[in-house]
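Have the sequence and the 3D view open, and try each task before reading its solution.

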Amino acid sequence: MMERSGFLAIVKVCAALGLLADAGVAGVWAQDAAAVKSLTAAADLKQHDFFYAGEAQQERMFIVRGGAVTWSYTYPGKGEISDAELLANGHILFAHQYAVTEIDQQHNVVWNYDAPAHTEIHTVQPYGEHSVAFVENGNPAQAIVMNKVTGAVEHSFPLPVAHPEVVHPQFRRARLTPAGTLLAAHMDMGKAVEYDMSGKQLWSVDAPGIWDAEPLANGNVLISGNNNKYVREVNRKREVVWEFTAADAPELNLANMQTATRLKNGNTLITQWVNEWSGPIDKASAPVQAIEVTPQKKVVWVLSSWAEPADLGPSTTIQMLDPEPKR
């Protein structure tokens, strides 16, 4: 059996030779010799259909189905995409620093809210049928539920921050829970906090470097630690019941673990971001964009797609999609 690091070394060499580009998107996974013998199969993305976007200098979004990009768009706006969702009606709702926008797949804007001066918006979710919930970084920062049809603010409450004068690092992800509460990742305070819709704090846990906090069906919370290089599941007693760190897959060189999602199969999907603002990305040696790991911390899928015709760019959001119904 070949070790995973050895297989990935082969993949990098083949990618440099252009062998992976023919597969459409260079998603790779390997655990045994059979995968090594069939590089084309290993590079096949048919394992997952997904919607993809990331914090980058351009606001690029993609839908990947059957191992190929079936839809893509670069929104001509200022800012970076920190949160995005493909809605049930086919529209895309996304927060991109200076606005929250909804577009259809023909690239038409169907709704937009511009962030007021000196504020930023890095997270958004649908709230009921006609409204959205988002967090406005600012002085003061606030959580807002807004009706898209009327523009009315249906709920709002202020959120504490460590540095009201520096809005950019205050918040990234905030997620609605099944109980109708809001779970916010206080990035500049290093903690996850749950609020009711009046702003009352219900629960919190320290989480150094937090970027994302996702409520799980079992009542626990899945937290990503960004450049602290961890993803952990925490119960309501604030106990860590599961954790995956960069040290669990050293060959992947994970450095910025931005979002974490618990999949239907029980595995955890983790995105890995790279900073375009620090200089040009060397795509021949660019980091993996996402990994899927089992509860036993076994890596079963790796996404690394930096070559045309499917250069997906830096990764932040990956939303797994159900197969399209057969017609």
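A polar contact is a pair of N or O atoms within 3.5 Å; within protein, one must be able to donate a hydrogen and the other to accept it, and residues adjacent in sequence count only if both atoms are side-chain atoms. This is a predicted model, where local features need pLDDT of at least 70, side-chain atom pairs count only at pLDDT 80 or more, and totals for chains, interfaces and linings use all residues. Residues are numbered from 1 along each chain as its sequence is written, and side-chain values use heavy atoms, with hydrogens and water left out.

**Exercise 1.** Find which side chain Arg175 joins in a polar contact.

*Solution.* 
- Start in strand β13, residues 171-176, where Arg175 is found (strands, E, are DSSP runs of at least two residues, numbered from the N terminus).
- Next, look at the side chains: Arg175 and Asp83 are joined by a polar contact of 2.8 Å.

**Exercise 2.** Decide whether Arg175 is buried or exposed.

*Solution.* 
- Recall the cut-offs: buried means under 20% relative accessible area, exposed over 50%, partly exposed in between (1.4 Å probe, protein chains only).
- Arg175 has 9% relative accessibility, so Arg175 counts as buried.

**Exercise 3.** Where does Ala284 lie, and is Ala284 buried or exposed?

*Solution.* 
- Ala284 sits in the loop between β22 (268-272) and β23 (290-293).
- Its relative accessible area is 62%, so Ala284 is exposed.

Terms used
Helix = DSSP H or I, 4+ residues; strand = E, 2+ residues; numbered from the N terminus.
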